Structures are given as structure tokens and as C-alpha cells.
Amino acid sequence: MAPTVSTNPLRDPRDRRLPRLPDASALVVFGATGDLARKKLIPAVYDLANRGLLPPGFVLLGFARRDWSDDDFAQFARESAEKGARTPFREEVWDRLASSVRFVQGAFDDDAAFDRLVSTLEELESSHGIAGNAAFYLSVPPSAFPVVLKQMQRTNLAAKGASGWRRVVIEKPFGHDIASARELNALVDDVFTPSGVYRIDHYLGKETVQNLFALRFANTLFEPIWNSQFVDSVQITMAEDVGIGTRAGFYDETGAARDVLQNHLLQLLALTAMEEPVSFSAETIRTEKIKVLRAVSLPDDLDRYAVRGQYEQGWLAGERVAGYLDEKDIPADSHTETYAAVRFGIETRRWAGVPFYLRTGKRLPRRVTEIAIVFKKAPHLPFDQTDTAELGNNQLVIRVQPDEGVTLKFGSKVPGSAMEVRDVAMDFLFGEAFTEALPEAYERLILDVLLGDATLFPNNAEVEESWRIIDPLEEHWASTTPHRYRAGSWGPAAADDMLGADGRRWRRP
Amino acid sequence: MTTLWDTTGSEVVKALAAERRAAGALAFGLALTLVAVVDEKNVSEAEGAATLAASAHPCRLLIVVRRQIDAPHPRLDAEVSIGGRLGPGEAVVMRMSGRLALHAESVVLPLLAPDAPVVTWWHDEPPTRIAYDPLGVFADRRVTDVTAAADPLAALHQRATDFVPGDTDLAWTRLTPWRTLLAAAFDQLGDRPDTVVVQAGPANPSAQLFAGWLRNRLGVPVTVEESGRRPDITGVVVHLGGEQLAITRTDARSATISRSGFPDRVLPLAARGLGDLLAEELRRIDDDDVFAEALGTWSDLPDLGTRPPHREHVWHDPMNISTTVAGGPVSVPAGAPSAAADSGAPPVTLPGAPDAGSAGPSGAAPGLGSATGLGATRPTGATREHEADGR
Ligand SMILES: NC(=O)c1ccc[n+]([C@@H]2O[C@H](COP(=O)([O-])OP(=O)(O)OC[C@H]3O[C@@H](n4cnc5c(N)ncnc54)[C@H](OP(=O)(O)O)[C@@H]3O)[C@@H](O)[C@H]2O)c1
């Protein structure tokens, strides 16, 4: 929290009605005309304004090549907000925001453009009282990172020690292996102080993921059984029904493991498996996350326990869809995976011997992300075997999206005169207990950047540690061909065999 | 939806269970029960607000309409619905007449969601003492609205006198956007101000709470100036050395922040509807200490927040009203956690309310009965006289 806030006599931690507002500041978006800005960033800014969470002196400053005036950009922003915002579009909210929208035109290698950006920020000091506070959002192709950062260094935009704070927000991918990640981190750290760098993993901005903290650490019910004594295995799934869309070039270089496994899935694993942090703060949570990531191990038999797949032509949701190799701009001999499933271990006392199965894929039957804790079977059942034939493992499932909530699966007696036990599911729908319009992940994360709260952002060490885990997989896969799976199925048969070999099977999410 | 005419409490419980089964054995993540107490003529307004609030914080919604207490026969009519006109959740509207209206809790208690917090909200004039209304006694959080009273400032003072932790008032809720803007403006201010002036229409309870809050937080003189034009708050001016910081409402939707040496800024400041206010109340259901301090500072009743949070029901029969009113203005019965009624103290002057000098609790008393007549008082001092109600 900024020091000014704590000395404000009108602020009181007990006063929960007053939202924390960021300092007067500018959000500078590089690549403000791009896909991410239009679909996520600008709508999130509008939603924040609509909820009254932006400070009096807030400015949205866009930077891109096209020759636009402030008004052109404001019009673009308005259309993006109307289309993408979660909260209803209100003219008066927009009017206030529109008066604080600016645009600076230029290419990243254009020194003059950056000089204009600097002078625009200086003008805003007096016109909006932003007092030097600025967050720079790099919503640009990864290849443009170095040049943008160099420009910021040249123009002293990142000036550590200047009045006000300077922060930078970067999007995945954070490199493509440990070496490139280190290079990128060094580059960013060279320009900004590490505490001023915010890496977006939008999964951490989701309510359900934050609820994992509450579920685990605010209750007595779950933590005592959250270990290898009671847990049989953990399955973390992120399935997408879409294909690769228009990002063929990017995707074919990247693949599912680098695109999803390295960041989102390993972050979910870390939150599921970490020890209790000593307090709820960025520092302490990162300490526990990095500990558990360091303990993650790969299986010896990678052929069996690290399965890649690539979708073939098939039917999904009633429509015929093309196979990966037939997608536009994908080379016909591509070995890039669109599906990955891996068994990890965690070498700690809490988790020794408990497999963590992580999988992600495109063109799977439906879009769903969930964490399933599968418990061991009861050590003894005082029933006839036929009575419990339909009883499976107890499960606790955290549904990250959609239908955010928690499911508890347990055995229950089938009504009737015979003793017969069958699995039933008890559903808790997050949106039913609190439908208070759930904020979008980007909304929460942008607000946290402006407030300077780094709790929900992975740091350097976590990113590098995740590559330490993924790199050997990529090395192993480099010489292999992915298994085929039909679009619209739950992945290649080899992934089922992988669990079958352990006497388990995938949950159908 | 099930409609039950001339029914019983048990029938209502059964109808609710049946509706739940029909809705498909779903485990509602019920977080609380909202009991709304409303006068017949305001039912649709209260329903609208409660529906909006319930869609933000799913709850079991129990709307209680008490009417015709003097009807010869007690009677209960009820409407039970899930996912109907009253929002996505469970809702029961109950109309109670005759002596039953004085025992609404007998119908409501079995309908409360098990072990979930209860919020009781009086849409109309607040009860003189919450202990008179059993629907308030069992609630964890009690929400009144003094602006519905004939004399809002006297009613606000009465709320302070009767206060226990867990009480709040919508006059305070209405203030949140103003407090938010001012607190944000203070984030940039280095020093404590010298004085503050709140500008508002006459007898605006929110403005008084604003002053109470600022006095409590800042420890500087805060005055309320009548701005005359509108009943609501129109602005707040902070004097600091030679400087001035002012927030002024510009229209129904926005305000201007002006500060010496800085450009003016326009920010949204929407007037919120009743539903939004209620939703804010449901967002947190623990005690509001900051409200207790603001109310305590304004009313000069110290330590409101440390009063014991429990109330005991005080039996009180509005039908006997004539016998009491003859005795003089309503006073607070013995045993009330009150300082105002102490030993014939002179009427308390309302600090910061220049025109309210005569509006102590006694001066205001006739206006304090609730619209159903239930709120009028018969000081008895005894606490449990249920048996004596002559039913
Ligand atoms: N799109 C998504 O859903 C998504 C999801 C996760 C992460 N990301 C990440 O977010 C970042 C942005 O993605 P995106 O999809 O928004 O990209 P995009 O649609 O290609 O947009 C790129 C933006 O950068 C600007 N730009 C590119 N080169 C420039 C140059 N040399 N000088 C000045 N401006 C230049 C473009 O502006 P003009 O062309 O107008 O000049 C445009 O506004 C990337 O790092 C991506 O990996 C995106």
C-alpha cells in the first residue's frame, strides 16, 4: 500500500465500505490498438471506472503506430468498452473517462514518438495531478519488448527514484525456455526495479483461484486431509474447445506446454500444493510458491508419463473442424503439440508419492478449467463388495471456469431397502452465494498494479523455476512426433494409458 | 409460485420446501436471510429494492407486511416463489393482519435459512426501539432508514440512543460515495485541515453523519451549512491553511473536485437507488464500527460501539397507545441502553444542526411511531409479557 494511504486520517482498515483507490496516475498502454487492449484491457478500465475504483486523476494513455488523434482513440476505446465491459455501459461514466484518454502516435523505434510520450506525461502532471505515477502496460508482440524497454531507458521513463512510482506490466510469454526467460528478466530488471515489474498470469486474477486460499487456509475442514496420507492424486485440467484461431505463427512456435503448462497450470499446481504462507502478502505467498515449484519433479519414464498430442480433423459441438495441420499458416509437417499431459511429483513430506496429473489441450469437447483432488479409498469397507460397486474415490473439485465453484463427490446410500452406496455430487456455485458481479481477471489485476499490490503476480524466480521444469520435457519431445487425437475428443489414447498404467483414469470434467 | 390464502406458518414452511424441491434439488449457496418489514402502501418499492439486492447477494427473502392490527381475526396470506418475480432466489411475501401482526416472528422464525445470518430491514419509519420488534431482536444486522421518519434528525438521534453494534442506517449508506471521493482527495493532502463545512439541504441526516464522521476522524470543527436548494448533500469544503479543497455536486450524476492550485476534475457521483443501498448493506454483515463512531460523535453519546450487542425483546402493544400517550411524550423505557433518557436531562441539542435545537428525542416523539402504529411506545420496563397480550 502506498504510504500516503496509511497516513490519510479518513482511511481506516475497519471502514470496509470505502474502496481502496489508487493514487492519481497514468496507465500507458503500448499496443493500445491491439487485440488484447480491445478485448480485455480497455473494457477492464471502463469497468473499474464504473465501479468507482479509479482515482480522481486517472489517465489512460494509448501508444501505437496508427495516425490517430486523442478523439480517434477515445472512440476506439468507447467501442471496445461498449462491447467488452462486464458492467452496463453508462454514458456519464464514459464521459468522465473519455476526458482522460490520450493517444501518442509512433513506432517503437521512433525516438521522437517517445519524446512526445515523455512530454505528454509531463503535461499530465499539471493537468491531472498524476505526480509522476505511471504504469506501463506492454501489450505488444514479444519481439518488440527489447526495443520498447530500451526506449524507456533512453528517455528515463522508468526512472527509479524520480517522484512518484513507475511500474511495468508484461504479458506472457515470459521467454520460451530458461535462457530466454533469464535474458528477458535481466532486460526488464535493468530498466525497472524488480518490485516494479508485474507479470500477468490472468488465471491468478480469477476469483475461484483466489478462493483456493480461502478454502484451504480459512477452514479447518480441508487442510488436515490435504496431504499424501489422504490424497491419492491430483488432476489439473485446462481444456479449450477452440483451435488456434488467428495466432498460427505464434502458436506453432510455442505449443501447448509453453503456452499453458509452463504458466497457468504450474501456477495452479503451486497454489494447490503450497504450504500455508505465514501471512497473506505478496512476499510470503511467493516464498511458499517458489518452495513448492522447486520441489516439482519429472518422472523417469518420460515416454509414458509425458504425452503430447495434435488434433486431427473431427466434429466439435455439431460442426466439422479442421485438423491442426490443415489450419491456415501451419506447416504440413509441424510437430507442435496442441495437447500435453504430464505426471509430476512433488518431493516434499506432504506430497511424496502423490502424482499430480496436469493436462491441457485445444479442440477438446468443452472449455473447462478445474483442479480435482482425488482422495484415497476408505481403508476398509464394512459392506458387501456388491454394495459398494458403484462407489468411487471421494473428490473435491475446484471449478475455476466456467460455473465457478466447488464440487464435493462422496458416497451416499441409494434410497431403498438394500444397502447400496453410490457416488453423489454436492455442488457449490460461487455465483449463487455471491453473484455480486464477479470482476473480470484483468480488472482485478490492473487495479492491483495501480495499487502496487503484487500478491497475484508471479515473480522472476517463479518464471525461471517453471522453465526449469518444462525445459527437459521440451528437450525430450523435440525428437518425437505428437500422438494424434480427434478434434472433439478428450485427447490421445496415450494419455489415457498413462493413467491406466497407474490404475487410475482421467476425470471427465 | 404458490399463493396461500388465510394460511398458517407451517403451510408456508411446507410450500417453501416444495418449491425448493421443484426447483431441482439444488444446493443453494445461501449466505443469509433478509427480512424486509414494510407497510402495505410501500410493498412494491420494497420488493423492487430487495429483489435487486438479493440478486447481488443471494439470500432467502422474507417480506413481512403487517396491517390492520385491529382486525378481529388474525390472518396470514403468503406468496412463495423461487426464481420468480422476486429475483433468482427464494422469496416469501407474507401479509399478516389482526393480532398475528404482533407475532410475526412466529411465522418468520421457522423460515430463516438454517444457521445463516439474518438481516432485518425496515423500509418505513424505524421502530422507536428495535427491542419492540421481535423481527429485529433475532437479527444479526439491523438496517433502518431514518429518512423515512417524519423528523429524520430526531429519528437519527433516537437511533443513537437505542444503538447497539450491528445496527446501521441507510442515511449512512447513502454517504458512502461522498466519503469515497473525499477520502480519495485526502490521499493527496499532506496535512490535517483546519475546518470542514458540509453543505446540504435542511434536516439531512446523511449530512449530519458526514459531519460526525469527519469530526471523529479529523478532530477539527465541522459545520453543516444549509444550502437550501436540494434536500441532499450538495458539497463539502475543506479549509487547510490558505488552501481550499471542495467537492461539489454538479448534477445528479457527477461531482467536481476543485483544489487551489490544481485543475478541476469531474468524477461520477451517482445518486443510488434503494436496491443499491441495500446491496451495500448485505455486502458485509459484521458490525460497522466506523458508523458507531460517526453516530456517537454526532450525538455526543460516547462508546456506542462497545455496548453489549444483544437485545431482549420488550413487549409493547400499540393497541394500548391511548393509555400511554396521555402520560406525555414518549420516553425511553427503563432498561434501555440509553443516555438520552437519563434523569430528565434537557433535550439534547443536535450538534452541527443549527435549526434542530428543539429536536431532541422528546420533541420528536410523536413522529417516531412506525407507520403501522407498531412503533409507538408504551413504556413498561418489563421484558417478557407475551402471555399478557390478551389474545
Ligand atoms: N490477444 C490475446 O488474447 C492475448 C492473450 C494473452 C497474452 N497476449 C499477449 O499480449 C501482447 C499483445 O497481444 P495482442 O494480441 O494484443 O497483439 P496485437 O493484436 O498484434 O497488437 C499489437 C499492438 O502493438 C502495436 N505495435 C506493434 N508493433 C509496433 C511498433 N513497431 N510500433 C508501435 N506499435 C506497434 C500495434 O499497433 P498498430 O498496429 O496500431 O501500430 C498493436 O496495437 C502480446 O505480448 C501477447 O503475447 C495476448
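**A walk through chain A**

The contact is made by I178(A), A181(A), R182(A) and N185(A) on the side of α7(A), and by N460(A), V463(A), E464(A), W467(A), R468(A) and D471(A) on the side of α14(A), where two residues are in contact if their C-beta atoms, placed from the backbone, lie within 7 Å. These residues divide into 4 nonpolar, 2 polar and 4 charged; Ala, Val, Leu, Ile, Met, Phe, Trp, Tyr, Cys and Pro count as nonpolar, Asp, Glu, Lys and Arg as charged, and the others, Gly among them, as polar.

This is a predicted model, in which local features need pLDDT of at least 70 and side-chain atom pairs count only at pLDDT 80 or more, while totals for chains, interfaces and linings use all residues. Residues are numbered from 1 along each chain as its sequence is written, and chains are lettered from A and ligands numbered from 1 in the order in which they are written.

Taken as a whole, chain A has 15 helices and 18 strands, which are DSSP runs numbered from the N terminus, with helices being H or I of at least four residues and strands E of at least two. Its C-alpha atoms fill a box of roughly 80 × 60 × 45 Å, taken along the principal axes.

Chain A is divided into domain 1 (3-171) and domain 2 (204-501), with bounds that come from an automatic or database domain assignment. The centres of the two domains, taken over C-alpha atoms, are separated by 33 Å, and the contact takes 16 residues from domain 1 of chain A and 10 residues from domain 2 of chain A. On the side of domain 1 that touches domain 2, α2 (35-50) and β5 (166-170) of chain A each supply at least two residues, and α2(A) gives the most, with 6 residues. By class, that side of domain 1 divides into 9 nonpolar, 2 polar and 5 charged residues.

Chain A also meets a partner, for 34 residues of chain A are in contact with 35 residues of chain B. The elements of chain A that give two or more residues to this side are α1 (3-7), α4 (91-98), β17 (421-429) and α12 (430-433), and β17(A) gives the most, with 4 residues. The side of chain A that touches chain B has 15 nonpolar, 7 polar and 12 charged residues.
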